[in-house]
Amino acid sequence: MELGTGQFAQSLPHLRALVLGCDFLGFDMEFTGLHSVFPQGKQPSLFDSPAEWYLKARRSVQKFTVNQLGLSIFSNEKSNKYVARCYNFFLFPTTFGVMDSEFSFQASSIQFLTHYGFDYNKFLKDGIPYMNQVQEKKLQQGLLAGNWKVRSTLDKDKVKKVIDDVTCWVPSAEEGDSMVLHNISGFQLFEIQLILRQAIPDVWTEPFGDQKVMVKKVSPRHRWCLENSSYDCCRKELILLSARGFTNLFQTLVEAKKPVVGHNMLMDLLHLHDKFYKPLPESYEEFKRNIHSLFPVLIDTKNVTKSIWKEFQFPRASNLLEIYEILCSDLNPTNPTCPVIAHASDCSKYADKKSPHEAAYDAFLCGSVLLKLAHLLLGSDTLENGPSFSQYLSALTKYLNQVNLIRAGVSKINFSGTDVPSQRPPLLIASVRGWPGVDEEQIYQILKALCKFDVRRLTENQFLLLSNKFKDVRVVLRDYKAHPNLRISLYHHWRHSPQVNCLLQICGIVASWSLLAFVFGGSQWYAM
């Protein structure tokens with residue numbers, strides 16, 4: 001089911017009830033861009049510590065925004081049967097009063113999502129607003145001070161026409177008379193009412209049906225009574241509730257503390273924190289603590305499949321949909337006894353239709369893959385009537401809160417503890433001869449035809465090489481062992497480190513001087 005700003009408010013109570021009552025949530029997001037363009041040599045690489053990678057990713061998250069968020073709400077409604085309710089939320093940053101956001105688009109991301117049918121008109125015209133805590137505080141202060149501005153030129157033209165129409169009507173109107181303004185939608189509903197109330201002291205406004213506002217001429221006493229009524233639709237708390245938009249549902253997700261399942265979900269978590277909670281902190285450890293506090297149980301299906309795929313001898317899968325299809329096939333020995341996964345009758349879009357890279361569909365795949373992986377890991381311990389979800393979680397214990405990390409010094413982030421060093425291929429060193437002025441990019445381009453390495457300069461003529469594939473290491477060690485201009489070998493810290501070499505040279509000099517002092521000092525003693 002697709003939800004935009006027009007349907008979200010009325011759907012919110014039902015969505016809250018579903019989230020609070022479910023077993024777990026599948027989750028996915030789409031963005032206006034993925035990674036910032038970094039200066040040469042500053043891109044994320046295998047040399048980065050998790051903290052270094054985080055600072056680079058933080059820059060990208062601050063630059064782009066979320067255009068679609070998908071939730072698939074899974075409930076174990078019968079023995080060995082789960083029902084999934086899938087929702088696509090188109091999102092757009094709140095623009096009201098002092099609130100106005102800047103974000104970028106990345107051409108490759110637009111092309112990618114457009115290829116898979118993403119509707120940018122729904123994102124731009126019908127996106128649900130959202131804000132984080134810092135933005136909410138800023139808006140709250142603006143409302144208390146009576147500061148609001150109409151941001152859009154189109155809205156300004158509309159507001160000007162409305163004010164002209166009402167101003168012309170008021171002098172001839174009698175107390176109790178009213179007029180109706182048409183085609184007032186979104187935050188215009190609040191903006192126009194607030195502006196009219198501020199500009200014209202003897203009128204009152206209230207919503208009147210769909211996309212309409214009624215303007216009444218009232219006495220000063222009657223207006224005072226209306227302003228202090230609990231039924232005023234422009235009360236500040238109601239404006240804030242509307243401006244929060246999707247953040248209201250985010251707060252329910254946090255309150256529910258249900259297991260959240262994603263696939264390669266680290267960028268999703270970064271955006272969740274930045275857009276709906278607080279701007280990303282500079283501290284990597286603080287980010288980890290915050291996420292674990294918000295979502296105590298995270299499961300990344302990418303991390304799980306990486307760990308077990310070869311053990312069960314499944315064919316290579318390059319994306320989430322292929323993983324799902326393999327686990328649904330006869331290649332999965334436990335598939336016949338896997339729980340049935342059905343779509344709710346009011347959310348049946350994906351029952352017979354594949355929609356890869358649509359956020360809600362990918363969220364559904366995440367949840368379905370989780371159930372099949374957990375069932376596979378239980379194996380012979382599977383109960384006849386189907387395991388409970390808590391038993392599935394127990395089977396996944398060692399994977400909980402371990403989120404896959406692409407191109408960094410570790411292969412996953414542990415949100416509930418210390419990051420574990422990864423078992424990567426050994427570090428290599430490339431020594432260059434007869435090639436003055438060579439840089440990292442030139443070394444990278446030479447090796448690129450053969451395999452992919454991250455390159456970092458060590459000395460003027462030496463470069464460190466890192467790969468995440470043992471096969472690539474074997475290939476370059478074989479092909480460049482005796483190369484005339486570029487020799488590649490295993491890196492040994494005590495042999496190749498400039499710091500160690502410098503220390504050894506200093507020790508050598510000190511030892512030589514000590515020996516000379518001893519020799520000459522001893523000669524003088526014997527001469528005496």
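A contact here means heavy atoms within 4.5 Å. With that in hand, the predicted model looks like this: of the contacts in the protein with a separation of 6 or more, 71% are between residues 24 or more positions apart. The secondary structure runs to 20 helices and 16 strands, and 47% of the 528 residues are buried.

In soluble globular proteins, nonpolar side chains tend to be buried together. The largest nonpolar core in this model has 55 residues, and L69, F89 and F246 have the most contacts inside it. Both helices and strands give two or more residues to this core, among them α1 (5-21), β3 (66-78), β4 (81-90) and α10 (247-256). The largest share, 7 residues, comes from α11. As for F246, once its neighbours within four places in sequence are set aside, its contacts are F8, L69, F89, L91, I128, P129, Y130 and F276. There is also a second, separate core of 36 residues, which includes C86, I308, A360 and L373.

I308 and L373 turn up again where two helices meet. The axes of α13 (residues 301-308) and α15 (residues 359-378) come within 10 Å and cross at roughly 35°, and the crossing is left-handed. On the α13 side, the residues involved are T301, V304, T305 and I308; these meet C366, V369, L370, L373, L376 and L377 in α15. By residue type, that contact splits into 8 nonpolar and 2 polar, with no charged residues.

Technical notes
Residues are numbered from 1 along each chain as its sequence is written. This is a predicted model: local features need pLDDT of at least 70, side-chain atom pairs count only at pLDDT 80 or more; totals for chains, interfaces and linings use all residues. Side-chain values use heavy atoms; hydrogens and water are left out. Helices (H or I, at least four residues) and strands (E, at least two) are DSSP runs, numbered from the N terminus. Buried means under 20% relative accessible area, exposed over 50%, partly exposed in between (1.4 Å probe, protein chains only). Axes are lines fitted to C-alpha atoms, for helices over the stretch in contact, and angles run from 0 to 180 degrees between N-to-C directions. A crossing is left-handed if the near helix is turned anticlockwise from the far one by less than a right angle, and right-handed if clockwise. Ala, Val, Leu, Ile, Met, Phe, Trp, Tyr, Cys and Pro count as nonpolar, Asp, Glu, Lys and Arg as charged, and the others, Gly among them, as polar. A nonpolar core is a set of buried Ala, Val, Leu, Ile, Met, Phe, Trp, Tyr and Cys residues joined through side-chain atoms within 4.5 Å.
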